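Work through the exercises below with the sequence and the 3D view at hand. Try each task before reading its solution.

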Amino acid sequence: MSRIAKLIRTQEERLVRDWMREQSTRASKSGMARDTELRAHAQEILRLLADALESSDGVAHSASPAFAPLREMLTGLSRTRGHQGFSPSDTVHFILSIKRPLLALAAEEGGDKGALFDEVNRVNLVIDELGVFTTEVHQKSREEVIRRQQTEMLELSTPVVKLWDGVLALPLIGTLDSQRTSVVMETLLQRIVDTSSAVAIIDITGVPTVDTLVAQHLIKTVAAARLMGAECIVSGIRPQIAQTIVHLGVDLSNIVTKSTLADAFAIALRHVGLQVTKKSA
Amino acid sequence: MSLDRIPILKMGKFLLVSIQIDMSDQIALALQDDLTSRIADVGACGVLIDISALTMVDSFIGRTIANIAAMSSAMDAPTVLVGMQPAVAITVVELGVSLSGVRTALDVDRGMKLLERLMAERHTLEQA
């Protein structure tokens with residue numbers, strides 16, 4: 001294994017140059033990476049690869065501890081490239097394109113051809129594995145972003161606002177799934193206790209579709225609030241939603257529904273014993 | 001010695017029950033017996049059950065509470081359930097226990113006001 005490592009060390013300059021040339025033949029997308037940056041990365045990868053090949057001593061497997069520094073470096077590379085908007089195939093191509101220069105170099109080498117072939121074969125495998133590894137990292141970092149955005153959305157999307165002393169409003173925006181609805185339900189009920197509000201308005205103007213599940217959740221929330229001694233009003237029932245609710249056969253007759261938040265607020269004020277009057281001029 | 005009875009307090013014409021522990025089935029059944037006989041003894045006009053300290057409820061306890069409320073209503077003493085915790089409310093709803101006949105309020109204060117209003121309504125009905 002050390003022959004390839006030695007080759008990489010002695011011929012690093014040439015390998016990097018050939019590798020860069022391979023890169024320039026790629027589509028313009030990879031041209032986005034600055035040349036100096038790419039060169040630095042290439043040098044580091046080659047150095048780490050040589051280190052790993054030397055210390056792994058025959059057992060060339062990209063998952064072995066000898067490759068840990070290289071894997072770590074590739075993780076960082078894949079992540080930053082992902083953030084810069086490179087596609088995973090760009091990164092994989094970058095890694096795999098080391099093969100041609102390396103093989104060309106090995107072909108010029110004299111000595112025991114059989115042993116060299118064996119070695120080259122294993123290095124080839126390792127590089128393939130590393131390529132797959134970068135895709136995996138790319139995928140993982142993307143998933144992390146999605147997960148973070150999901151939790152952020154969950155937090156953003158459940159604000160319980162106080163409209164008046166004893167009147168809470170929960171403006172719902174976006175699609176409701178069971179997870180989100182249970183968060184909404186819990187925050188609303190907790191806020192009812194905290195502020196000891198007698199009326200809560202659930203506004204569903206921003207909810208694009210209401211299916212049986214969402215309706216079921218609404219009914220449950222209203223029932224739970226009622227058990228705690230608070231009245232719930234559902235507002236923002238748009239014509240399409242009214243049609244779907246009736247077609248689905250959902251019974252909302254036990255729930256006070258209003259078409260606009262203003263109507264619901266008027267009812268709520270009356271419920272807590274307040275009224276709005278016009279100031280006499 | 002463990003507490004095996006929930007105290008029932010008389011406040012004017014109303015009875016006040018404050019459940020301060022997570023009830024076992026026996027305690028709930030004992031409360032059901034005690035409360036109905038107390039209503040008959042003192043001729044109570046209303047019952048207020050405070051469950052703000054109740055953190056856990058199963059289907060049996062939920063149904064027993066519903067039964068107690070229905071029984072006292074049948075004995076002409078409307079029942080108000082106050083201070084149910086969000087977690088308990090969610091559980092009761094998810095268990096599908098129907099508490100439809102039970103009046104609720106956020107706290108003891110509002111519960112008392114509700115009972116007084118109910119009594120006043122009944123008075124005006126009787127006078128009419």
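The exercises that follow concern a predicted model.

**Exercise 1.** Determine how helix α1 and helix α2 of chain B are oriented to each other.

Solution. Start by locating the helices: α1(B) covers residues 25-42 and α2(B) covers residues 59-74. Next, take the geometry: the axes lie 10 Å apart, and the packing angle is about 5°. Angles under 35 degrees count as roughly parallel. Therefore α1(B) and α2(B) are roughly parallel to each other.

**Exercise 2.** Find residues through which α1(B) and α2(B) meet, and sort the contact by class.

Solution. On the α1(B) side, the residues include B:L29, B:L31, B:L35 and B:I39. On the α2(B) side, they include B:F60, B:I61, B:I68 and B:M71. Sorted by class, the contact of α1(B) with α2(B) has nine nonpolar, five polar and one charged residue.

**Exercise 3.** Describe the hairpin formed by β1(B) and β2(B).

Solution. First, place the strands: β1(B) spans residues 8-11 and β2(B) spans residues 14-18. They pair in the antiparallel sense, over four bridges. One pair to look for is B:K10 with its bridge partner B:L15 in β2(B). Then turn to the two residues between the strands, where B:G12 has a positive phi near 65°.

**Exercise 4.** Work out what chain B gives to its contact with chain A.

Solution. Begin with the counts: 13 residues come from chain B and 15 residues from chain A. On the side of chain B, α3 (86-95) and β5 (103-105) are the elements that give two or more residues. The largest share, five residues, is from α3(B). Finally, the classes on this side are ten nonpolar, one polar and two charged residues.

Notes: Residues numbered from 1 in each chain as written. Chains lettered and ligands numbered in written order. Predicted model: local features only at pLDDT ≥ 70, side-chain atom pairs only at ≥ 80, totals over all residues. Axes fitted to C-alpha atoms, helices over the stretch in contact; angles between N-to-C directions. Parallel < 35°, antiparallel > 145°, perpendicular 65-115°, else oblique. Contact = placed C-beta atoms within 7 Å. Nonpolar A, V, L, I, M, F, W, Y, C, P; charged D, E, K, R; others polar. Pairing = 2+ DSSP bridges.
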